[in-house]
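Student: I'd like a close look at a single part of this model, please. Take me through it in one go.

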Amino acid sequence: MEAEKSSTIDAEEAAKHPEVAEAVKRIEALRQTIDNIDGAVIHLLAERFKATAAVGVLKAGAGFAPADYKREDYQIARLQRIAIDAGLDTNIAEMYREFVVTESKKRHKRIADAGGDPGVLDVFA
Ligand SMILES: O=C(O)C(=O)C[C@]1(C(=O)O)C=C[C@@H](O)C=C1
C-alpha cells in the first residue's frame, strides 16, 4: 500500500506561497469549527459512556446479558432515519453505532465479571 501523503497547512506555508494564502485562511477558520465539534463530541461520548456504565451495573445486578439485540435493532433503524434527514452518509451513522455499542457491551461484561463493580472501568463518574 502506498504511504499516505501529508501537507502542513499553516501561517508559515501561507507566507511562503501567497497564491494559497486565501485557501489557508479558509481552512484555518473551518478548523476552528472542526475543533469545537470534536470537543463537543468527546463531551457527549463521556456522558454516553457514563450512562451505559450505569446500565451495565443495573444489568449485572439483575442478571441480564450485556447485549439486547431488540434494542440494537431499534437503534440501527432510528439512526439510519436520522442520518438520512441530517444529510449524513448512513454508513457513518452505522460505524458510529457499531463502535459505541460494541464498547458499551465490552464494559458491561467487565462490570459483570467484577460482580457489578463499575470501579473496574476507566470511565465512570
Ligand atoms: O440499552 C441497553 O440495554 C444497553 O446496554 C446500552 C446499549 C448502548 O450502548 O446503547 C448497549 C448494549 C445493548 O445491546 C444495547 C444498547
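Student: Which residues in α2 meet which residues in α4?

Tutor: Quick housekeeping. Numbering starts from 1 along each chain, following the sequence as written. The model is predicted, with pLDDT of at least 70 needed for local features and 80 or more for side-chain atom pairs to count, while totals for chains, interfaces and linings use all residues.

Now the contact. From α2 you get Arg48, Thr52, Ala53, Gly56, Val57, Lys59 and Ala60, and they meet Val100, Ser104, Arg107, His108, Ile111 and Ala112 in α4. Contact here means C-beta atoms, placed from the backbone, within 7 Å. Helices are DSSP runs of H or I, at least four residues, and strands are E runs of at least two, numbered from the N terminus. By class, the α2–α4 contact has 6 nonpolar, 4 polar and 3 charged residues. Nonpolar covers Ala, Val, Leu, Ile, Met, Phe, Trp, Tyr, Cys and Pro; charged is Asp, Glu, Lys and Arg; the others, Gly among them, are polar.

As for geometry, α2 and α4 pack at about 40°, axes 9 Å apart. Axes are fitted to C-alpha atoms over the stretch in contact, and angles run from 0 to 180 degrees between N-to-C directions. So α2 is oblique to α4, as under 35 degrees is roughly parallel, over 145 roughly antiparallel, 65 to 115 roughly perpendicular and the rest oblique. Their crossing is right-handed, meaning that the near helix is turned clockwise from the far one by less than a right angle.

α4 also packs on α3: those axes come within 9 Å and cross at roughly 145°. That crossing is right-handed too.

Then there's the ligand. Thr52, Val100, Ser104 and His108 are among the residues surrounding the ligand, where near means a C-beta atom, placed from the backbone, within 6 Å. α2 (21–62), α3 (69–86) and α4 (90–113) each give two or more residues to that shell, with the largest share, 5 residues, coming from α4. By class, the shell has 4 nonpolar, 3 polar and 4 charged residues.

Methods. Contact = placed C-beta atoms within 7 Å.
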